[in-house]
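Let's walk through this structure together, one spot after another. Have the sequence and the 3D view ready as you read.

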Amino acid sequence: MSVATSSGGSSSGPSVSPEARRLVLLRHAKADWPDVSDHERPLAERGRKDAPVAGRRLADAGIAFDLALCSTAARTRETWKLAVGELSSRPKTVYEERLYEASLGELIAVLNEVSDEVKDLLLIGHNPGMHALADALSGEAEGDLLPRMNRSGFPTAAFAVVHFTGSWKSVEHGIGTLTDFWTPHG
């Protein structure tokens, strides 16, 4: 899962610079409230409209994802199904039950397990986790993105893009730069 590192001593080969990585955190689109368990809640009509718009916005950003990790909840799976259809290519997708109702620590633990072969990762999940993770990882931000994200509360179908350098195992608080934050209605 990780890139081999040097064990110290003198190095006869060229130095290897840390790998640039991009993490996109997509909150599921607006869900309905029928008489089903929370895990099985489907998207509302607005959510079915917003999810493909988020997918188009991601496509316009030119991000070619290596991997998508999606919560197993019905609303996240449906959001992903509608958003991925707008991308130029479909990344490998893993439905990860640990993303449902995940705490900040649990989300970081999942990221720490990602293979270092993955440069661009999309995580489709829930609040408050998506907002907490974007905020925690963003030690820096371009322009007013961080206060704008924090004022908005990370609405449904919103996404944040965080860039960092290093291994997925090194993901921790303050490691990255928030380079984009998008909401469908703002």
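Is threonine 183 buried or exposed? Threonine 183 is buried, because its relative accessible area is 14% and buried means under 20% relative accessible area, exposed over 50%, and partly exposed in between, with a 1.4 Å probe and protein chains only. Before going further, a word on the model: it is predicted, so local features need pLDDT of at least 70 and side-chain atom pairs count only at pLDDT 80 or more, while totals for chains, interfaces and linings use all residues. Residues are numbered from 1 along each chain as its sequence is written, and side-chain values use heavy atoms, with hydrogens and water left out.

To find threonine 183, look in the segment after strand 7 (176-182). Strands here are DSSP runs of E with at least two residues, helices are runs of H or I with at least four, and both are numbered from the N terminus. Leaving aside residues up to four places away in sequence, threonine 183 touches Pro155 and Ala158, where contact means heavy atoms within 4.5 Å. Threonine 156 lies 27 residues from threonine 183 in sequence, with 7.8 Å between their C-alpha atoms.

Now for the charged side chains. The whole structure holds 11 salt bridges, each a side-chain nitrogen of Lys or Arg within 4 Å of a carboxyl oxygen of Asp or Glu. One of them links arginine 41 with aspartate 38 at 3.0 Å, N to O. Arginine 41 counts as buried because its relative accessibility is 7%, whereas aspartate 38, at 28%, counts as partly exposed.

Another salt bridge pairs arginine 46 with aspartate 50, with 3.5 Å between the closest N and O atoms. Both belong to helix 1 (residues 45-60), and because they are 4 residues apart there, about one helical turn separates them. Arginine 46 is partly exposed at 39% relative accessible area, while aspartate 50 is buried at 5%.

Glutamate 96 and arginine 98 also meet through their side chains, in a salt bridge of 2.9 Å, N to O. Glutamate 96 is buried at 15% relative accessibility, and arginine 98 is partly exposed at 36%. Elsewhere, salt bridges with shared partners join Asp38, Arg41 and Arg75 into one network.

Finally, turn to a pair of helices. Helix 3 (residues 104-112) packs against helix 4 (residues 129-137) at an angle of about 70°, and their axes are 9 Å apart. That makes the two helices roughly perpendicular, the term for angles of 65 to 115 degrees. On the helix 3 side, the contact is made by Leu104, Leu107, Ile108 and Leu111, and on the helix 4 side by Gly129, Met130, Ala132, Leu133, Ala136 and Leu137. Sorted by class, this contact has 9 nonpolar, 1 polar and no charged residues; Ala, Val, Leu, Ile, Met, Phe, Trp, Tyr, Cys and Pro count as nonpolar, Asp, Glu, Lys and Arg as charged, and the others, Gly among them, as polar.

Definitions and conventions
Axes fitted to C-alpha atoms, helices over the stretch in contact; angles between N-to-C directions. Parallel < 35°, antiparallel > 145°, perpendicular 65-115°, else oblique.
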